[in-house]
Amino acid sequence: MSALANIKYLSQKVAQGIDVDLMAKYGYSIEQLMELAGLSVAESIAAEYQAGRVLLCIGPGNNGGDGLVAARHLVQYGFQASLFYPVQPSKDLYKALMRQCMAFKIPLVQDLATGVASSDLIVDALFGFSFKGSPRAPFDEVLETLRSTNKPIASVDIPSGWDVEAGDPQNTGLCPDMLISLTAPKQCASGFKGRFHYLGGRFVPPDMASSLRIPNYPGTSNCLRLS
């Protein structure tokens, strides 16, 4: 039986509440959660794809922060990582993550089409579960470019362009080959048709993990293949 059979799918409101509880009730910091999430993203990718050229498309929020962390770990796993980061926030958290990427000599790509053409794998870390509505510039054109590629895409938590609950009924979002759900799958994950669905973020306290019906992770792994 698939590990996904009994796990809970989260609505946007529940997912947001879990993040609040992890920090307010259990004492996690956003930096801790982002580091552990990004590590699990990198582990999931390394489990299924040969180390090669990977372009990480980074959004301006926490999903993008997870992508920046993942980039650093992917380099340590032997991947040749580069970043497409069109809107860089001014918050110290994201500036620090970028300094870390620069320390690992991860280059910034200015032209997305060129970056996609020269990569073997694309990581979609643009929008997370807080995203609603239609993407605005420049991300509308970013999604259009990514939708036109035949390179495999690994999406972090939510395929960009999807509604966190309804999924992609209008077929306007990305169609990833891999989805790495963080903490627990969101309701939209029921519509995922790609090859690899992973769960990442091995940091949920036991009582919360029980209520979410999260399966046990294997050994010392930070990720778990769901389907």
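Predicted model: local features only at pLDDT ≥ 70, side-chain atom pairs only at ≥ 80, totals over all residues.
## Helix α4

Helix α4 spans residues 92-103, twelve residues in total. From first C-alpha to last, α4 reaches 16 Å. That is close to the 16 Å expected at 1.5 Å a residue.

Five names make up the buried set of α4: L93, Y94, L97, M98 and C101. Viewed down the helix axis, these buried residues fall within an arc of 135°, so they line one face of α4. They pack against α2 (30-48), α3 (62-76) and β2 (80-84). The face turned away from the buried side carries the exposed residues D92, R99 and A103.

## Positive phi sites

Most residues other than glycine have a negative phi.

N171 is not a glycine, yet its phi is positive, about 55°. N171 sits in the loop between β4 (153-156) and β5 (178-182). N171 is partly exposed, with a relative accessible area of 46%.

R213 also has a positive phi, near 55°, and is a residue other than glycine. R213 lies in the loop between α7 (206-212) and β7 (223-225). Its relative accessible area is 44%, which makes R213 partly exposed.

## A cis peptide bond

Most peptide bonds are trans. The bond joining A137 and P138 is cis, with omega about 5°. P138 is found in the loop between β3 (121-125) and α6 (139-147).

Notes: Residues numbered from 1 in each chain as written. Heavy atoms only, no water. Helix = DSSP H or I, 4+ residues; strand = E, 2+ residues; numbered from the N terminus. Expected span 1.5 Å × (residues − 1). Buried < 20%, exposed > 50% of the residue type's maximum accessible area, 1.4 Å probe, protein only. Arc of directions from axis to C-beta. Contact = heavy atoms within 4.5 Å.
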